[in-house]
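Hi,

Here is the structure I promised to pass on. Have a look at it first, and then read on for what turned up in it.

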There are 2 protein chains.
Amino acid sequence: MALIECIPNVSEGRRADVIERMADAIRSTSGARLLDCSSDAAHNRSVFTLAGDAGGVEAAVLALFERAIADIDLRTHRGEHPRLGAVDVVPFVPIEGVTMADCVALAKKVGAAVAERFRVPVYLYEEASDNPTRKNLEDIRRGEFEGLAAKMTLEAWAPDFAPAGPVAPHPTAGASVIGARMALIAYNINLATDRLDVAKKIAAAIRHSSGGYRFVKAAGFKLEDRGIVQVSMNLTNYEKTPIFRVFETVKREAERYGVSILESEIVGLVPSVALVSASEFYLQLAGFKSDQVLENRLSSYK
Amino acid sequence: MALIECIPNVSEGRRADVIERMADAIRSTSGARLLDCSSDAAHNRSVFTLAGDAGGVEAAVLALFERAIADIDLRTHRGEHPRLGAVDVVPFVPIEGVTMADCVALAKKVGAAVAERFRVPVYLYEEASDNPTRKNLEDIRRGEFEGLAAKMTLEAWAPDFAPAGPVAPHPTAGASVIGARMALIAYNINLATDRLDVAKKIAAAIRHSSGGYRFVKAAGFKLEDRGIVQVSMNLTNYEKTPIFRVFETVKREAERYGVSILESEIVGLVPSVALVSASEFYLQLAGFKSDQVLENRLSSYK
């Protein structure tokens, strides 16, 4: 089974009818399934999660673009979350039976189609971009929709895919950022203490920005209502920085302060293989193949 | 998604054309998939693994019966493995979105159909039987095909489903044992030692028959070629006696002899949930729901 996840972020989080029409646009295509939709009114933004094979995901994303461009006008859009376009960000994520290269190719194919069909300029990001200044979404999005017309005229910020004619944002839909990345796991570890300093020190020890693991973002928080603290993390590449290694490191660092792990939690979705690899580690499984998982065997025979 | 696994054991392990025709019979039905077929010439026996929803598995098993009865004659069948019938044993196993009660109901439905349609008497076993003397497959099969005609006349061994007319085995296909059970995990732990006594003592400590866990069968073996020993196990109910608890107990018992675990291995298929539950244990995951596994979410939307 070839399985790609796609998580389009759209600049509409308030008008329920508009959001529902976009969800319907995704559902109306075949070959991909809409797994989740969550909207944030303060951000005025919705995040769709869908999955399917390359062709299915492509068709669903293009259907979403068509609907979003018709219903969203960035000139009047207000919200707390930075945004550049009506369909703001579209990451493709390899889950099963596909490579990152497959997802990069898909991002480029969809990017070209969006520019041509909808006249929306497209920036490629993360794995889909070879340009180091375009790896990071925040760099591309800086200046937002309001600053886009000026930014786009700079040679350094020419779009990767632009409609024919003068280089300019789409008047109401701005530009879109399309790319490929690893699945992101939102992972929190709660400590059996109320000492915020311990959570902050552990977060600093494990996160990339301060010398920790390459694919960990982390911060320490207080959970006031429960009287405990939390190391809150994003694991941005669960293959290269696996969940079990992060857990064991947090556990060992906490011990140094006489603190135990109370529990951990995965927020949202997690690919099966990220949990299976934890089992392989702890059970010291040798020679385990993913097609020994009954459900995987079944799907590969579909 | 409703997913039932079925593992029919058939009394033919030598004639490749006959085995292939049986596999084709399973494949010719829809709603279930043939995941594996392994044949043993010495046992003169083949084991098919298939999975699907209740209706799909039922259709596949009945198609297998029709083919097997036409091609197999127990009167001339010889092999090392004990057997009672052409289709010797048919266990139904709940995997996902179905209960054991569903599988018991399916075993009874298929059992009644086999007796009526093919005139093969059927014994229910394990969870599908309320009779304590019929829980254990070996008790039902004792005496084998050759002793079946005499055994069947005993009141205690009247079939659960019998064709109309005098109670007697099918002349060439004997009788079949059909039932429901939990998925069985074949699990081995290799110890970093050549001391067979340690493997045997650990096996005795963890297996049900000598005071260990309720759903563990275990024995100690020497792996001569590797110079190590193995605790070889069948885990017969991974929900009630989970794999991580067995692993941790073997590890602790081995420590008592100054021995470490070298590695463990899962032989054949394992349901995803058995590995996910190990991750939940080791990562101390709180409030984790199986539909957070991306692949599960996807299949539940199909």
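Let's begin with one residue: B:Thr49 is buried, with a relative accessible area of 8%, and the cut-off for buried is under 20%. You'll find B:Thr49 in strand S4 (residues 45–52) of chain B. Leaving out residues up to four places away in sequence, B:Thr49 touches B:Glu5, B:Cys6, B:Ile7, B:Arg33, B:Leu34, B:Leu35, B:Asp36 and B:Leu269.

For contrast, go over to chain A and look at A:Ala164, which counts as exposed because its relative accessibility is 62% and the cut-off for exposed is over 50%. A:Ala164 belongs to the loop between helix H5 (148–153) and strand S7 (176–180) of chain A. Its C-alpha atom is separated by 52 Å from that of A:Ser279, and the two residues are 115 residues apart along the chain.

Before going further, please keep in mind that this is a predicted model. Its scores are ipTM 0.82 and pTM 0.83. Chain A has an average pLDDT of 95, with 99% of the residues scoring at least 70.

Now, how do the two chains relate? Chain A can be superposed on chain B by a rotation of 179 degrees with 0.0 Å of shift along the axis, giving an RMSD of 0.1 Å. The two copies are therefore related as by a two-fold rotation axis. A:Ser279 turns up again here: in chain A, its C-alpha is the one nearest the axis, at 2.7 Å. Both copies use the same surface, since 100% of the contact residues of chain A recur in chain B.

Next, a sheet in chain B. Four strands make up this open sheet, in the order S9-S10-S8-S11, and the pairing is antiparallel. At the edges are strand S9 (216–223) and strand S11 (261–267), each of which pairs on one side only. On average, neighbouring strands of the sheet are turned by 20 degrees against each other, direction ignored.

Going through the pairs in chain B:

- S9(B) is joined to strand S10 (residues 228–235) by eight bridges; B:Val216 has B:Leu235 in S10(B) as its bridge partner.
- S8(B) and S10(B) pair over seven bridges, and the partner of B:Asn190 in S10(B) is B:Gln230.

Which part of S8(B) is covered? Six of its seven residues are buried, so the strand is mostly covered.

Helix H6 (residues 196–206) lies across strand S8 (185–191), S9 and S10, and runs at about 175 degrees to S9(B). Helix H7 (residues 243–255) packs on the sheet as well, touching S8, S9, S10 and S11, and its direction makes about 20 degrees with that of S8(B).

Finally, the core. In soluble globular proteins, nonpolar side chains tend to be buried together. The largest nonpolar core here has 182 residues, of which A:Phe92, A:Tyr187, A:Leu191, B:Phe92, B:Tyr187 and B:Leu191 touch the most other members. Take A:Leu191 as an example: setting aside neighbours within four places in sequence, its contacts include A:Val198, A:Ile202, A:Ile228, A:Val250 and A:Leu262.

Cheers

Definitions and conventions:
Residues numbered from 1 in each chain as written. Chains lettered and ligands numbered in written order. Predicted model: local features only at pLDDT ≥ 70, side-chain atom pairs only at ≥ 80, totals over all residues. Heavy atoms only, no water. Pairing = 2+ DSSP bridges. Helix = DSSP H or I, 4+ residues; strand = E, 2+ residues; numbered from the N terminus. Axes fitted to C-alpha atoms, helices over the stretch in contact; angles between N-to-C directions. Contact = heavy atoms within 4.5 Å. Core = buried A, V, L, I, M, F, W, Y, C linked by side-chain atoms within 4.5 Å. Buried < 20%, exposed > 50% of the residue type's maximum accessible area, 1.4 Å probe, protein only. pLDDT = per-residue confidence, 0-100. Least-squares fit on C-alpha atoms with pLDDT ≥ 70 in both.
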